[in-house]
Amino acid sequence: MIQLEGSGNWPMDHVAIEKTKSAFLIKIGESLQNNWGMTCTASEDDVDVFMSGYAFRLKILHERGLSLLKREIGNQAKRIYSTDKELFVRGQHASMINGLQGRYPVYGPIVRLAKRWVASHLFSPCLVEEAVELLVANLFLKPLPYNVPCSRITGFLRFLRLIADHDWTFSALVVDINNDFGPDDNKEINDNFMSSRKVDEENTQNVSQAMFLATAYDKESEAWTKFSPTSMELKRLAAYARSSANLLTKLILEDQTDSYRWECLFRTPLNNYDAVVLLHRDNLPYPQRLLFPSELNQGRHVARGNASKAFRPFMLPADMKRGTEELKNKLMVDFDPLRCFVGDIEKDLSKKFKLWYDSLGGDAVGLTWERECSKKRIREDAAEDEEADPVDVLKAAGELGKGFVRNIYLLKAPRLTN
């Protein structure tokens with residue numbers, strides 16, 4: 001994120017502001033390329049800089065433009081405002097977390113364990129990484145009745161207990177990293193929390209902000225947990241956390257050294273889902289991060305697919321022997337086939353089921369049927385959609401992931417209600 005010095009020469013029109021930012025980005029890219037020999041590609045929104053095997057994406061934040069965009073009407077202005085606000089919030093979050101890491105060196109290793117646990121149990125779509133960082137931060141800021149965690153295992157266990165035991169329905173979790181909240185701040189956060197709960201009382205079927213995380217830059221808990229986890233997702237998350245915490249406590253008390261039992265903390269039971277999609281491991285964005293390859297020998301085998309050779313999210317050793325220009329043409333920045341596959345399913349089949357997946361390198365996607373599967377709903381869907389049968393729906397999902405999907409298994413058919 002690039003922040004420029006303040007200037008009164010910035011235009012007052014949001015379109016002109018965006019064009020000015022694009023011009024700055026192009027000049028920055030040209031300078032890096034001409035003066036330092038870095039390879040850069042520019043678009044109207046950002047510049048990608050290739051250096052030492054990494055791609056850095058540069059964006060410009062114009063804080064005064066945020067207030068101007070907020071007053072503008074139109075889809076384009078709203079989109080730009082949303083993007084810039086997210087960039088601003090991420091910058092604030094990164095700065096605060098970096099300061100906390102400097103105070104507590106063990107914080108980082110605990111966060112990595114916590115993130116791996118969340119992803120391994122396919123909760124990546126429910127709990128974003130920034131929310132995990134705040135949950136772990138709370139263990140250091142409010143450790144009572146214990147001392148501050150001094151080891152990875154201690155911190156990881158307390159993270160699991162926090163998710164399982166905190167009263168999320170009636171209590172907001174306030175993460176005051178810089179210890180600068182006063183009575184007015186706490187009152188504002190409490191008012192925001194109570195307001196969110198009143199909205200939930202009126203709409204009990206779709207509870208939002210089930211996990212209310214308040215920070216100095218986000219007193220409304222809108223940045224990371226506004227839409228997820230939902231109350232149903234949070235209950236499932238808490239149940240998994242309680243089970244893992246109990247297992248971890250038992251392993252510690254019994255002084256267990258059996259590696260398989262420790263691995264169970266990061267192995268998720270696939271039979272807890274209604275259907276499971278297994279992915280080709282060679283086409284995963286980070287195949288080296290796969291902890292435990294997934295296999296399934298139960299349920300009904302619905303579909304099998306071959307791995308596509310048309311794309312690879314990573315470079316092979318043979319690719320590195322080619323010329324620089326050919327390498328550039330093969331390189332795909334920010335390409336994540338799992339994210340694309342999930343996005344396509346949510347776009348076309350989101351009314352059928354909910355997806356659970358591991359964004360850090362898992363090769364399995366869990367599916368659970370949406371609960372509104374009434375007989376009337378099925379008849380209505382059948383009238384307008386020939387793929388009302390669960391097997392046909394899963395085959396359609398397999399077609400969306402052709403070349404990426406390895407196998408699909410149906411474990412439980414959707415339950416029908418009157």
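Visitor: Which residues touch the most other members of the largest nonpolar core?
Guide: The model is predicted. Its largest nonpolar core has 56 residues. Those that touch the most other members are W117, L135, V136 and F159.

Visitor: Which element gives the largest share of this core?
Guide: Two or more residues come from each of α3 (75–103), α4 (107–120), α5 (129–141), α6 (152–165), α8 (231–253) and β8. The largest share is eight residues, and the element that gives it is α5.

Visitor: Which residues does V136 touch, not counting residues up to four places away in sequence?
Guide: V136 is one of the core members that touch the most others. With residues up to four places away in sequence not counted, V136 touches Y107, I110, V111, A114 and F159.

Visitor: How many residues are in the other core, apart from this one?
Guide: Another core lies apart from the largest one, with V342, L349, L394 and A396 among its residues. Its residue count is 26.

Visitor: Why is strand β11 largely enclosed by the rest of the structure?
Guide: In a regular strand, side chains alternate between the two faces of the sheet. On one side of β11, A364, G366 and T368 are buried, and on the other V365, L367 and W369 are buried. Strand β11 (residues 364–369) is therefore largely enclosed because the number of its six residues that are buried is six.

Visitor: Which residue stands opposite L367 in β11?
Guide: Strand β8 (residues 275–279) runs antiparallel to β11 and is joined to it by four bridges, with V276 opposite G366. Strand β10 (residues 353–357) also pairs with β11 in the antiparallel sense, over five bridges. The residue opposite L367 is L355.

Methods. Residues numbered from 1 in each chain as written. Predicted model: local features only at pLDDT ≥ 70, side-chain atom pairs only at ≥ 80, totals over all residues. Heavy atoms only, no water. Buried < 20%, exposed > 50% of the residue type's maximum accessible area, 1.4 Å probe, protein only. Pairing = 2+ DSSP bridges. Core = buried A, V, L, I, M, F, W, Y, C linked by side-chain atoms within 4.5 Å. Contact = heavy atoms within 4.5 Å.
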